[in-house]
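Please read the points below with the structure open beside you, and look up each part as it is mentioned.

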Amino acid sequence: MDHRQQRVALNDGHSMPVLGFGTAVPEKVPVSEALVATKLAIDAGFRHIDSAYLYEVEEEVGLAIRSKIADGTVKREDIFYTTKLWPTFSRPELVQHSLEMSLNKLQLDYVDLFLIHFPMPLQPGDQIIPRDENGKLLFETVDLCDTWEAMEKCKEAGLAKSIGVSNFNRRQLEMILNKPGLKYKPVCNQVECHPYLNQSKMLDFCKSKDIVLVAYCTLGSSRDSRWVDQSSPVLLNDPVLGALAKKYNQSPALIALRYQLQRGVVVLAQSFIERKMKENVQVFGFQLSLEDMKVIDGLNRKLRYLGAEFLADHPDYPFSDEY
């Protein structure tokens, strides 16, 4: 089966490719590389492109997508593009404006998926991470149910095919699901998820509600010092993954990605290196045994790579822990 056609059904009738390409630019890499990398990813076979206002690369990513449409590699409907609502736009009256800004940068008519990036409204303004004079985060009092209603309006306006959330815990998901007058459930919850943080309870909960779990940091992390504790263990150096890589004649990265796919998790693989992009799309070429899946389950240590210390004084942080 052509991996580009491997998709998972969403609860609103649309579908999402189970393998995605993450466009957050690694530390010390120029933003212009997002243009080159996204073109290479599409050439390698990726059809699910994940981005966000925060990444500040949507002009480059949009140009890459449009150039690949122009040269006949893909059609717009072949590409599944995700963007995210940054917390400074959580006020209901700012939600559609945020999406329209992304669409303007992308020069696209719609996105396939629009997510609430974090469940922690911040004060609107020019700062991505607004702080007071003492360095404390400036939170905003916004009911996320009101934010969600504005997300629903973006879907109804045709600006986003599907809507979902990211970094939500169970309580926050239930708040949306139990909202009076709910029109559309979140189609997904995008969270950090890998063998060291396998999110098994969150996965079970999402499956019970027909919500897809989308995993980021699937290969551990890019070791970006802006977000990641440099003393944390390197996932892909884990001896268990190494032994399984030898057993299956695959890389440790492919073992980690395959593990997620077999659990029913959509995976985002982030690498700006062409060789690794081409390697990552080979994840559909083999299958892990049930016994080896259980072995990888045993690696879970609830280790979070994306530290996001800048959010640490929020009462709900970390947002997407098991429960």
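1. In this predicted model, α3 passes α4 in a right-handed crossing. The two helices, α3 and α4, pack at an angle of about 40°, and their axes are 8 Å apart. An angle like that makes α3 oblique to α4. On the α3 side P92, V95, Q96 and L99 take part, and they meet D146, T147, A150, M151 and C154 of α4.

2. Helix α4 covers residues 144-156, and because each of its 13 residues is taken at 1.5 Å, a span of 18 Å should result, which agrees with the 18 Å between its end C-alpha atoms.

3. Several residues of α4 are buried, including L144, W148, M151 and K155. What lies over the buried residues of α4 includes the strands β5 (80-85), β6 (111-116) and β7 (160-166), together with the helices α3 (92-106) and α5 (170-177).

4. The two ends of α4 also deserve a look. At its start, a side-chain oxygen of D143 comes to within 2.8 Å of the backbone nitrogen of C145, while just after α4 the residue G158 takes a positive phi of about 80°.

5. The side chain of H48 reaches the backbone oxygen of P17 at 2.9 Å. Apart from neighbours within four places in sequence, H48 is in contact with M16, P17, L19, G20, F21, F80, T82, V266 and L268.

Technical notes
Residues numbered from 1 in each chain as written. Predicted model: local features only at pLDDT ≥ 70, side-chain atom pairs only at ≥ 80, totals over all residues. Heavy atoms only, no water. Helix = DSSP H or I, 4+ residues; strand = E, 2+ residues; numbered from the N terminus. Expected span 1.5 Å × (residues − 1). Buried < 20%, exposed > 50% of the residue type's maximum accessible area, 1.4 Å probe, protein only. Contact = heavy atoms within 4.5 Å. Polar contact = N/O pair within 3.5 Å; in protein donor to acceptor, adjacent residues only side chain to side chain. Axes fitted to C-alpha atoms, helices over the stretch in contact; angles between N-to-C directions. Parallel < 35°, antiparallel > 145°, perpendicular 65-115°, else oblique. Left-handed = near helix turned anticlockwise from the far one by under 90°.
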